[in-house]
Amino acid sequence: MRKWFNLIFGVLVLFVVMLIYAKVFYPPLPLNSVSKSEVINKVKKSNGNIVKIAEDKSYQWYISEMIQGRAYENIKKLMADKGWFFKDQVGSGFVFHNEQGEITVLSEMWTSKYVIFHFPKEI
């Protein structure tokens, strides 16, 4: 009987470890081209900066940790480096402008710790 208990307990522990490693407890990502584990690993290596996580046909996707509003400062700095200047925030969108016109960068709280941004690929 004790052998069965140890076997079942060992299988349960292994199952929990696999769930934690696969980041199953995180909500689904708004894009399918990367896994949750990849995204978390990239952002942890970034030291609190903004990180590009994917690019698809239409959009570039970035993520940043939300430490005391730092994620919003990170997107403003990234866009300034690309030649776009912050104009206004409208809900979860950040409006930037330059001589080409205006663009809105959309943000989404992925978890309470991370914010995902996306904007057109051409930027």
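**Patches, rings and salt bridges**

Q: Does L7 count as buried, partly exposed or exposed?
A: L7 counts as partly exposed, because its relative accessibility is 49%. The category "exposed" begins over 50% and "buried" lies under 20%. Please keep in mind that this is a predicted model.

Q: Where is L7 found?
A: L7 is part of helix α1, which covers residues 2–21.

Q: And which residues form the nonpolar patch on the surface?
A: The patch is made up of W4, L7, I8, V11 and L12. Together they have about 550 Å² of accessible area.

Q: Next, helix α2. Which of its residues are buried?
A: In α2, residues 36–45, the buried residues are S37, V39, I40 and V43. Viewed down the helix axis, the buried residues of α2 fall within an arc of 165°, so they line one face of the helix.

Q: What follows α2?
A: N47 follows α2, and its phi is positive, near 60°.

Q: Let us turn to the aromatic rings. How many aromatic pairs are there?
A: A search of the whole structure finds seven aromatic pairs. In one of them, F86 and F94 have ring centres 6.2 Å apart and planes at 50°, so this pair is tilted.

Q: Why give both a distance and an angle?
A: A pair of aromatic rings is described by the distance of the centres and the angle of the planes.

Q: Are F86 and F94 buried or partly exposed?
A: F94 counts as buried, because its relative accessibility is 0%. F86 counts as partly exposed, at 35% relative accessibility.

Q: Which other ring does F94 pair with?
A: F94 also forms an aromatic pair with F117. This pair is edge-to-face, at 6.3 Å centre to centre and 65° between the planes. F94 lies in strand β4 (residues 93–98) and F117 in strand β6 (residues 114–120), so their pair ties together parts that are 23 residues apart in sequence. F117 is buried, with a relative accessible area of 0%.

Q: Which residues form the aromatic cluster?
A: Y72, F86, F94, F96 and F117 form one aromatic cluster.

Q: What sits over the ring of F86?
A: The charged end of K76 does, at 4.3 Å from the ring centre.

Q: That brings us to charges. How many salt bridges does the structure hold?
A: It holds five salt bridges. One of them joins E55 and K121, at 3.8 Å from N to O. E55 belongs to strand β1 (residues 51–55) and K121 to the segment after β6, so this pair ties together parts that are 66 residues apart in sequence.

Q: Are E55 and K121 buried or partly exposed?
A: E55 counts as partly exposed, at 40% relative accessibility. K121 is partly exposed too, with a relative accessible area of 36%.

Q: What about K77 and D81, where do they lie?
A: Both lie in helix α3 (residues 70–81), four residues apart, about one turn of the helix. K77 is exposed, with a relative accessible area of 52%, and D81 counts as exposed at 58%.

Q: And which residue does K87 form a salt bridge with?
A: K87 pairs with E102, and their closest N and O atoms are 2.3 Å apart. K87 lies in strand β3 (residues 85–90) and E102 in strand β5 (residues 101–109), so the pair ties together parts that are 15 residues apart in sequence.

Q: Which residues do shared partners join into one network?
A: Salt bridges that share partners join K52, E55 and K121 into one network.

Definitions and conventions. Residues numbered from 1 in each chain as written. Predicted model: local features only at pLDDT ≥ 70, side-chain atom pairs only at ≥ 80, totals over all residues. Heavy atoms only, no water. Patch = residues over 30% accessible without salt bridge, like charges linked within 9 Å, V, L, I, M, F, W, Y side chains within 5 Å. Areas by Shrake-Rupley, 256 points an atom, 1.4 Å probe, with all protein chains shown as cover. Salt bridge = Lys/Arg side-chain N within 4 Å of Asp/Glu carboxyl O. Helix = DSSP H or I, 4+ residues; strand = E, 2+ residues; numbered from the N terminus. Buried < 20%, exposed > 50% of the residue type's maximum accessible area, 1.4 Å probe, protein only. Phe/Tyr/Trp six-rings, centres within 6.5 Å; stacked < 30°, edge-to-face > 60°. Lys NZ or Arg CZ within 6 Å of the ring centre and 35° of its normal. Arc of directions from axis to C-beta.
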